[in-house]
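Subject: Structure handover

Hello,

Please find the structure below, with the sequence alongside. My notes on it follow.

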Amino acid sequence: MTELRAGEVVEITLRTLAVCGTALAVALGAGLPLGIALGRRRFPGRGLFVSVVNSGMGAPPVVVGLVVSMLLFRSGPLGFLGLLYTPEAMIVAQVLIALPLVVGITLAAVGALDENWELEVRTLGIPPLRRLWLLLREIRLGLLAAVIAALGSILSEVGAVQAVGGNLDGETRVLTTSILMYTQMGRFEMALALGVVLVGLTLVLAGALTVVQQGGRR
Amino acid sequence: MSLERAALAVRDLRVRRSSKSGSFELRVEALDLLAGGVLAVLGPNGAGKSTLLRSLAGLEPVLEGRIERRVTGPVAMVFQRPVAFSGSVLHNLRVALSGQRLPRAEARVRVDEVLDHFGIAALASRRAATLSGGELRRLALARAFALRPAVLLLDEPFDDLDAAGQEALSLDLRRAIAGTEVAVAVVTHDLRRALLLADRIAVLLGGRVAQLGEREEVLARPTSPAVARLVGMANLIPGTLRSGEGDLASVFVDEQHTVPVETARDGPCAALAPGAPVWAGIRPERLKLDVGRGEGLPIGKGVVRTLISDGVAATVGVAWAGLELRTHLLAGRGLARTVRPGDSVTLSVRPEDVHLLPRG
C-alpha cells in the first residue's frame with residue numbers, strides 16, 4: 001500500500017512530457033505567426049483581437065477545461081469526435097491555455113521593437129525571408145519568455161487536464177492529476193515522488209531556456 | 001556635377017499622409033535628384049520635408065504622378081533616428097549587404113571600406129546597442145554607403161550631434177560622396193549644414209516646392225519673403241520702389257532712409273513699376289557697418305542694439321528705421337572688437353547685393 005512504484009512514475013512522466021510537448025509545439029506553431037502578424041499589421045478590429053488575447057492570458061484553466069469538456073461531451077457539439085478523456089482532449093485544453101500567452105508575449109515583443117525597424121529593413125532592400133529571420137533575432141528574448149511562460153503554464157496546470165482527461169490510469173494520468181489523486185488518497189510518498197519530478201522538470205526546462213535566453217543577450 | 005543627369009525624377013507627385021493631427025498633402029510638380037549632386041531640402045517643421053524624402057524612398061503610397069528611377073542601383077535612406085540591429089557593428093553592416101547577393105570577398109571589401117571611411121573600424125566588434133548617438137549615426141551612414149547607392153536620402157543627418165561631431169561628419173560625408181555618382185537629397189533645418197553639403201537647394205513650404213535652384217541662386221535670389229527668411233536673408237526691409245538714374249533705383253523706407261538697388265534684374269521684381277510696394281532683402285554678411293572703405297553706398301545711421309559672438313563670427317543687431325537689421329562681422333577683428341551696444345554706426349550696402357521682392 002505504501003510502496004513507491006518507479007515504473008508508474010516514469011510512465012506518468014513520459015506521458016506528461018508527450019502531452020505538454022505536443023501542446024507546446026502546437027501553441028508555438030500557431031501563436032508565433034499570429035503574434036508577429038498582430039504586432040506588425042494594423043487592421044480594423046485589431047484592438048478587439050488584442051484584448052481577447054490579453055484576457056485569454058489570464059483565463060482560469062479550470063474554466064477552459066469546463067468549456068472543452070462541454071464541447072467534447074458525448075452529447076456536445078464535438079461529441080462525435082469521441083475525444084473526451086483522451087490525451088488529445090488534454091492537448092486541446094492545454095493549447096487553449098498556452099496560446100494566448102504565446103500570442104500576447106510575442107505581440108508585446110514585436111510591439112517593443114523600434115517603429116523605424118521595419119522601415120530600416122525595407123530601405124536596405126533585405127529579402128522577406130531574411131527580414132523574418134532578422135525579426136526573430138530581434139525579438140528572441142521575448143520569444144523565449146513566451147516559451148517559458150507557455151511551458152510553465154501547461155506543465156503545472158491541473159484543473160483543465162483533470163476535467164477533460166479524467167486522470168484515467170494508463171491513459172490520461174499526468175504528473176499534476178496523479179499528485180492530486182495520491183494526495184487525496186493519503187499516499188504522500190507517491191505524491192511527493194511525482195511532485196519532485198514535476199518541480200525538477202520545471203526547473204530544468206525553465207533553467208535551460210533561461211540559459212539560452214541570457215546567452216542570447218548580445 | 002558631371003553630367004546634369006537625373007538619377008531620380010519626380011513628376012506631378014501627390015502624396016497624402018494621415019496622422020493623428022490630421023492629413024497632410026505634398027505636391028511636387030517637378031524635382032530631379034542629379035547624379036553626383038547634393039540637393040538640400042529646406043523648410044520649417046511640417047513643410048513636408050520628411051514626407052518628400054520618404055516618398056523618394058518608396059515608403060509612401062503615391063496618389064498621383066510618378067517617381068522615376070533613371071539609374072540602376074540601390075536607393076538608400078538614413079533616418080533621423082537610425083535603428084541598429086542587435087548584434088555587433090560588423091553584423092549590422094553584413095545584414096545591410098545581405099540583400100545584395102555579393103560574393104563574400106566583395107562584401108568584405110565593402111565592409112572594411114565603410115568602416116574605415118566613417119571612422120568606426122575600432123568599433124567593429126562592439127554591440128550596436130552600446131553605441132553613442134554620433135556613433136550610431138556613423139554606423140547608419142556606413143550601412144547606407146556599403147550598398148553603393150545610386151540614390152542616398154539623408155533625413156536630418158546632423159541632428160543631436162554636437163558642433164564638433166557635425167563638423168567631422170559633414171567632412172566625412174563630403175569625402176564619401178566625392179568622386180561617386182550618387183545622387184543625394186539631404187533634409188535639414190540647419191541651413192549652415194545644408195550649405196556645407198549641397199550644390200542645389202529645394203525650399204518646401206506647406207507641402208509645396210516654393211523654390212528650387214542652384215545653391216547660390218536660391219541664397220541670393222529667394223522668390224518670396226518666407227523663402228528669404230529660411231535661406232538666411234535676415235534683413236527684409238519694407239518700402240516702395242523709386243526710380244533712379246540708369247541702372248540704379250532705390251527703395252524708399254521713410255524720409256531719412258532709402259536703400260539703393262539695381263533695377264536691371266531678372267526675377268519677380270523685373271516688371272515692378274515705381275511706386276510698387278517691395279521688400280529690400282539683404283543678407284547679413286552683405287550689410288556693412290561703418291563707411292568709407294569704398295564698399296557700397298551708405299543707407300543711413302543706426303544704433304547698435306545687440307552684439308553676439310561665438311568666437312568666430314559676430315552678429316550685430318542695428319536699429320535702423322524702426323527695424324532691427326542684422327549684419328555679420330568676423331569676431332575679434334576690426335569693428336567687432338570696438339563696437340558696443342549704444343554706438344552709432346553707419347550702414348552701407350552695394351546695390352547689387354540688395355534683392356527685391358514684391359510686397360503685399
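I begin with the domains of chain B. The C-alpha centres of its domain 1 and domain 2 are 36 Å apart. Six residues of domain 1 of chain B and eight residues of domain 2 of chain B make up the contact between them. On the domain 1 side, the contact residues are three nonpolar, two polar and one charged. As for the bounds, the domain assignment of chain B places domain 1 at 6-225 and domain 2 at 233-358. Please keep in mind that this is a predicted model.

The two chains

Chain B has 360 residues, of which 42% count as buried. Its secondary structure consists of nine helices and 19 strands. Taken along the principal axes, the box filled by the C-alpha atoms of chain B is roughly 75 × 50 × 45 Å. If one takes the contacts in chain B between residues at least 6 apart in sequence, 68% of them join residues at least 24 apart.

Chain A has 218 residues, and 37% of these count as buried. The C-alpha trace of chain A spans about 70 × 45 × 25 Å along its principal axes. For chain A, 76% of the contacts between residues at least 6 apart in sequence join residues at least 24 apart.

Where the chains meet, 16 residues of chain B are in contact with 16 residues of chain A. On the chain B side, β5 and α2 each supply at least two of the residues that touch chain A. By class, that side of chain B has 10 nonpolar, three polar and three charged residues.

Strand β1 (residues 6-19) of chain B is joined to strand β2 (residues 22-34) of chain B by 12 bridges, and the two run antiparallel. With two residues between them, β1(B) and β2(B) form a hairpin. Opposite B:Val15 stands B:Leu26 in β2(B).

β1(B) is also joined to strand β4 (residues 62-69) of chain B, by six bridges, and this pair runs antiparallel. In β4(B), B:Arg66 stands opposite B:Arg11.

Helix α4 of chain B

Just after α4(B), B:Arg148 has a positive phi of about 50°.

The five-stranded sheet of chain B

An open sheet in chain B is formed by five strands in the order β12-β11-β10-β13-β19, with antiparallel pairing. Its edge strands are β12 (257-262) and β19 (355-358) of chain B, each of which pairs on one side only. From one strand to the next the twist averages 45°.

Within this sheet, six bridges join strand β10 (residues 235-242) to strand β13 (residues 277-282) of chain B, and these two run antiparallel. B:Leu236 has B:Gly281 in β13(B) as its bridge partner.

A glycine in a loop

B:Gly322 lies in the loop between β16 (313-320) and β17 (323-330) of chain B. Is B:Gly322 buried or exposed? B:Gly322 is exposed, because 9 other C-beta atoms lie within 10 Å and a residue with 12 or fewer counts as exposed. B:Gly322 is 20 residues from B:Gly302 in sequence, and their C-alpha atoms are 9.7 Å apart in space.

Regards

Terms used. Residues are numbered from 1 along each chain as its sequence is written. Chains are lettered from A and ligands numbered from 1 in the order in which they are written. This is a predicted model: local features need pLDDT of at least 70, side-chain atom pairs count only at pLDDT 80 or more; totals for chains, interfaces and linings use all residues. Helices (H or I, at least four residues) and strands (E, at least two) are DSSP runs, numbered from the N terminus. Two strands pair if DSSP finds at least two bridges between them. Axes are lines fitted to C-alpha atoms, for helices over the stretch in contact, and angles run from 0 to 180 degrees between N-to-C directions. A residue is buried if 20 or more other C-beta atoms lie within 10 Å of its own, exposed if 12 or fewer, and partly exposed in between; C-beta atoms are placed from the backbone. Two residues are in contact if their C-beta atoms, placed from the backbone, lie within 7 Å. Domain bounds come from an automatic or database domain assignment. Ala, Val, Leu, Ile, Met, Phe, Trp, Tyr, Cys and Pro count as nonpolar, Asp, Glu, Lys and Arg as charged, and the others, Gly among them, as polar.
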